[in-house]
Amino acid sequence: MKKTIFLASSLVLLSTFAMAKEVTIGLPMPVTGPIAAYGQTAYEGVKFANMLEPTLKNGDPIRIVLVDTKGDKVETTTATRRLIASDKVVGIIGALTTGNTQQVLSIAEEKKIPVIAPAATADKLLNGKKFGARVAFMDSFQGTALASFAIKDLNAKSAVIIIDQAQVYSLGLAKNFEKKFTELDGKVLKKLSISSGDKDFKAIAAQLKELNADIVYIPVYHPEASMIARQARQAGVTSLLASGDGVSNSTFIELGGESVNGYLYTDTFDYTQPPTQRSKDFLDAFEKDKGRRDIPGFTAQGADAYFIMVKAMNECADPTDSVCVNEKIHQTKDFDGVSGIISIDESGNAIRSVVIKEIKNLKPTYKGTVNP
């Protein structure tokens, strides 16, 4: 009789395993190339979240597939098409920068595959996109948050803005910073232009020294921002330097060295101020496994994109129904994320807080939080 019961139990277990259906999430991210730091840190968050929550509630295993985009738009397009056609992904987390995320969205929209962008912040990113969402704030919020902080908390009265004309991200942040700064009676002395890939900023540095603004706002990605900081300080510029979340990684500090001490920037998260219980639990588990808890904002955002995607899958009768998963993502309200409380509106935009940080002794330090 016992053998019969054991055999029946074994058959039930085998049947359960046989019925388990692997669900795949695709990750088109830059893990090599000039913006590799963004993809590497976001992927670390997704990967660790997958380790913590490797299956759906029904027992289906969750597989994550990373494809390196090298930060290139053509590579991003190829990666996204491969993930959808060959890997049969139910959802996508990526890319990182606004321009590359636009490439992902244009393809996923056609195939009705939901996308959660961990870090793309351009205001118009999701316009006309039914299958796009994000866990990052929009530029209109982070740009205005820093402008307000500069005037109200730092008593800044004048600013110079350095804009990368080739990046939607830079243009959007610059526009919103300038609008809020002038609304609060600040004066923008001049707007200076650069292009991605530039390395010689001596002429820019000379103008910054002459203008001597209270704050220089540099809404560009970390390779250029670090070199601007170095060359500005070498030229004797003493103005406060500030950026958006494009410098939110350790590579920026490594490249900038002592020149970025005192640098101010906006971010989504600070590990010394865990905003939710999930955040505390994630940091505890991460420290136990990795021996550290100083994760950057993009790691927390990658994890949040994963957890929200999985939550949406769990809320669908069929977790491989990408249309249902997309609907559930857009119904996210007051989600206790690693990086904070996140709601996602009908357009896919995240409603969340902004964290202000300052680099001190070559380490990011918490300055304050601006709530929506």
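Reader: Why does T266 count as buried?

Author: In this predicted model, the relative accessibility of T266 is 0%. Buried means under 20% relative accessible area, so T266 counts as buried. The residue lies in strand 10, which spans residues 264-267.

Reader: Which residues is T266 in contact with, leaving aside its neighbours within four places in sequence?

Author: T266 is in contact with Q142, L146, S243, G244, D245, V354, V355 and I356.

Reader: What makes helix 5 mostly covered?

Author: Twelve of the 14 residues in helix 5 are buried.

Reader: How does the reach of helix 5 from its first C-alpha to its last stand against the expected value?

Author: Helix 5, residues 139-152, reaches 19 Å, and this is close to the 20 Å expected at 1.5 Å a residue.

Reader: Why is helix 2 called oblique to helix 11?

Author: Helix 2 (residues 36-52) and helix 11 (residues 297-314) pack at an angle of about 45°, and their axes are 7 Å apart. Angles under 35 degrees count as roughly parallel and 65 to 115 as roughly perpendicular. The angle of about 45° therefore makes helix 2 oblique to helix 11. The crossing of the two helices is right-handed.

Reader: Which residues of helix 2 and helix 11 meet, and what are their classes?

Author: From helix 2, Y38, T41, A42, E44, G45, V46, A49, N50 and L52 take part, and they meet F298, T299, G302, A303, Y306 and F307 in helix 11. By class, this contact has nine nonpolar, five polar and one charged residues.

Reader: How do you know that G132 is buried?

Author: G132 has a relative accessible area of 0%. The cut-off for buried is under 20%, and G132 is therefore buried. Its place is in strand 5, residues 132-134.

Reader: What does G132 touch, not counting residues up to four places away in sequence?

Author: G132 touches L105, E109, V115, L126, N326, H330, S347 and G348. As for A117, which is 15 residues from G132 along the chain, the C-alpha atoms of the two residues are separated by 7.7 Å.

Key. Residues numbered from 1 in each chain as written. Predicted model: local features only at pLDDT ≥ 70, side-chain atom pairs only at ≥ 80, totals over all residues. Heavy atoms only, no water. Helix = DSSP H or I, 4+ residues; strand = E, 2+ residues; numbered from the N terminus. Buried < 20%, exposed > 50% of the residue type's maximum accessible area, 1.4 Å probe, protein only. Contact = heavy atoms within 4.5 Å. Axes fitted to C-alpha atoms, helices over the stretch in contact; angles between N-to-C directions. Parallel < 35°, antiparallel > 145°, perpendicular 65-115°, else oblique. Left-handed = near helix turned anticlockwise from the far one by under 90°. Nonpolar A, V, L, I, M, F, W, Y, C, P; charged D, E, K, R; others polar. Expected span 1.5 Å × (residues − 1).
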